[in-house]
Amino acid sequence: MSWDNATDLDSEAVKNLVELASRSRLACVVYKKPAENPTPRRYVEPYKFLESSENLLVRCYQVRVEGRKKDDAEGWRSFRLDRFISVSDGGENFSPRGTVSLHRGEVFQYIFNHDKLREPVPRNIKKKLEVKMTPRKYARHIDSVLLDGKITDAELEQAMKYAKMLSADELKLVHAKVYIGVLREVTLDGTVNEAEEAYMASVRIFLTGLGWCP
């Protein structure tokens, strides 16, 4: 599999996360979730790299989130690497609830259904293989446009150009995956508020305007 976002592995935030995991240190992360403003600090125990068909992720146990009740915040979570704004030391050690493998570079397959993990993929996480890039480039562009919820004319024009480069089947597959990703992120903390409802509605309108929406 090829990763257009392989540089996410070299970001300062991810490097800090890996270093903290190697010492079993709690990480204080600022993570950009769609329709979430302001962005709260999350305190997590980092464990494993995951991969889906669209993104690189990291598996963490979320201990608490600033401004939220413990019952609403605590539990296993999967975070996209490209959404980390900053990562710093959370100020305490943690006793691992399972194997910590971030610093070993092992990659586990992410499965949306029940958040299950498979065995590590026996390869270098940074290795790039040649694959058809147009659908992926389109998906990454759509994803970046939707993140802040503000769609400029230039972004829309570029998205439409990319959409025309795809076959009908490719377009439907990309839009379906994008929408699944939106649902996954919106439900990350176990709640859906009014702002997130509005965000999902805007995503449906945007994808429909580009040719198809699930």
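User: What makes S2 and strand S3 count as paired in this model?

Analyst: In this predicted model, S2 and strand S3 (residues 56-65) are joined in the antiparallel sense over nine bridges; since two strands pair if there are at least two bridges between them, they count as paired. One of the bridge partners is Val58 in S3, which stands with Phe49, and S2 and S3 form a hairpin with four residues between them.

User: How do you know that S2 also pairs with strand S6, and in which sense?

Analyst: The cut-off is again at least two bridges, and S2 has three bridges with strand S6 (residues 107-109), where the pairing is in the parallel sense. Here Glu51 stands opposite Gln109 in S6. Strand S1 (residues 25-31) and S2, by contrast, pair in the antiparallel sense over four bridges, with Tyr43 in S2 as the bridge partner of Cys28.

User: Why is Ile151 called partly exposed?

Analyst: Buried means under 20% relative accessible area and exposed means over 50%; Ile151 has 37%, so it is called partly exposed. Ile151 lies in the loop between helix H3 (134-147) and H4, and together with Leu156 and Met160 it makes a nonpolar surface patch of about 220 Å².

User: How do you know that the buried residues of H4 are on the same side of the helix?

Analyst: The buried residues in H4 are Ala159, Tyr162 and Ala163, and they cover an arc of only 100° around the axis, which puts them on the same side of H4. The face turned away from that buried side carries the exposed residues Asp153, Ala154 and Lys164.

Terms used. Residues are numbered from 1 along each chain as its sequence is written. This is a predicted model: local features need pLDDT of at least 70, side-chain atom pairs count only at pLDDT 80 or more; totals for chains, interfaces and linings use all residues. Side-chain values use heavy atoms; hydrogens and water are left out. Buried means under 20% relative accessible area, exposed over 50%, partly exposed in between (1.4 Å probe, protein chains only). Helices (H or I, at least four residues) and strands (E, at least two) are DSSP runs, numbered from the N terminus. The arc is that of the directions from the helix axis to the C-beta atoms. Patches are made of residues with over 30% relative accessible area and no salt bridge: like charges are joined within 9 Å, nonpolar side chains (Val, Leu, Ile, Met, Phe, Trp, Tyr) within 5 Å. Accessible areas come from the Shrake-Rupley method with a 1.4 Å probe; for residues, only the protein chains shown count as cover. A salt bridge is a side-chain nitrogen of Lys or Arg within 4 Å of a carboxyl oxygen of Asp or Glu.
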